[in-house]
Amino acid sequence: MKIFIANQHKQLALGGSEIQCDLIAKGLKERGHDVVYIALGSSTIDAAAIPYKAIPFKFSFGKFYNLLRKEKPDIIYWRNRHFRLAAVVLAKLFKIPFVCAISSPDDVKVFWHRIDNPRNYFLTQLLKARQLVKSFYNYFGLLLSDGVTSLNSKYLENVPVKNKVTIWNAMEINSVPFSWPRSYFLWVSNIKPIKRPEIYIKLAWKISEEHPDVDFLMVGSIQSDYYRSLIDEAETSANFHYLGPKTPEEVNGILENALTLIHTCLPEGFGNNFIQAWHCGCPTITYEFDPENLIKEEQLGFVADNDFDTLVEQTKFMVSNKSESKKRGDKARKFAQSSFISSRLIDDVERFFNHTLQIY
């Protein structure tokens with residue numbers, strides 16, 4: 001079948017959904033499907049570095065109409081909350097099944113917003129208003145979809161579409177060797193308000209009082225200037241080290257020897273950093289978000305239940321009980337190797353596409 005996959009491409013934004021779409025595109029291409037990746041927001045793309053066809057695409061109604069008329073895909077897989085309504089309307093005009101992929105709890109809300117500029121009140125209010133209007137507009141794109149996939153079963157409960165399925169993410173675990181002279185914890189994410197890096201920085205200060213021989217490493221791109229001074233101040237401590245942005249392969253190398261991955265983000269879809277950590281045999285301590293309740297139920301680490309004192313005690317426990325860290329890390333690796341592999345991801349996506357085409 002000829003498949004359109006629409007999202008930002010990982011060459012432009014190395015986020016969770018972009019990594020997943022790349023895996024899906026490569027996997028479906030290897031199985032003989034004609035894959036066309038619509039790289040939303042891109043003006044150029046390095047085609048030589050991609051094993052499937054990719055089209056840089058600045059979305060407009062007219063341009064997408066012409067693209068559909070020219071390419072005539074059998075199905076569209078839309079993994080981006082932007083332009084969703086316009087895209088599904090055009091898909092229906094051409095009688096092309098449209099599958100919407102949910103990657104965040106925001107994707108199923110009629111109205112949502114995120115505060116990205118906590119120091120600028122007026123800009124924050126303008127962004128809120130803009131996001132509220134766009135979320136309302138794009139929610140109808142979800143309602144009109146012919147199929148919906150979600151990386152977390154919890155979010156499908158609020159999706160008024162009959163043809164829907166949960167498909168967990170996957171990760172390919174290739175690593176770049178990493179060495180560090182002392183035991184360390186790791187925090188990995190893009191650095192912005194929704195990820196709450198300030199909690200990890202506060203934790204590092206707290207633990208250093210009792211365990212000055214344990215380090216706290218932070219990896220990620222600073223996407224909010226609000227955090228630059230906070231990180232600079234944190235680095236005056238001997239046990240906090242900001243390593244900057246890293247590739248997934250470099251992150252895997254760091255995870256392989258970490259005591260624990262510390263997760264402080266607000267509830268999101270299903271962070272790839274969880275899956276990376278588990279594949280690398282690294283347990284996780286999460287401040288609040290436990291995807292599918294797996295960390296508790298499968299004993300893959302600990303959940304602090306939104307309580308900082310609990311987070312501190314769980315972190316101290318991992319410092320003093322390295323055998324328990326290894327035990328939970330081994331469980332995590334075994335679970336990941338049976339649940340979050342790319343062949344299973346491609347099986348699930350291909351099966352759902354075929355089913356959607358059959359019932360369309």
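1. A word on the basis. This is a predicted model, where local features need pLDDT of at least 70, side-chain atom pairs count only at pLDDT 80 or more, and totals for chains, interfaces and linings use all residues. Residues are numbered from 1 along each chain as its sequence is written, and side-chain values use heavy atoms, with hydrogens and water left out.

2. The sheet. An open, parallel sheet holds 7 strands in the order E3-E2-E1-E4-E5-E6-E7; strands (E, at least two residues) and helices (H or I, at least four) are DSSP runs numbered from the N terminus. Strand E3 (53–57) and strand E7 (164–166) are the edges, each pairing on one side only, where pairing takes at least two DSSP bridges. Strand E6 (residues 147–150) runs parallel to E7, joined by 3 bridges.

3. Helix on sheet. H13 packs on the sheet and touches strand E1 (2–7), strand E4 (75–78), strand E5 (98–102), E6 and E7; contact means heavy atoms within 4.5 Å.

4. Helix on helix. Helix H1 (residues 16–30) packs with helix H13 (residues 342–359) at about 75°, their axes 10 Å apart. Axes are lines fitted to C-alpha atoms, for helices over the stretch in contact, and angles run from 0 to 180 degrees between N-to-C directions. H1 and H13 are therefore roughly perpendicular, a label covering 65 to 115 degrees. Among the residues that meet are Leu 23 and Ile 24 in H1, and Val 349 and Phe 353 in H13.

Key
Angles under 35 degrees count as roughly parallel, over 145 as roughly antiparallel, 65 to 115 as roughly perpendicular and the rest as oblique.
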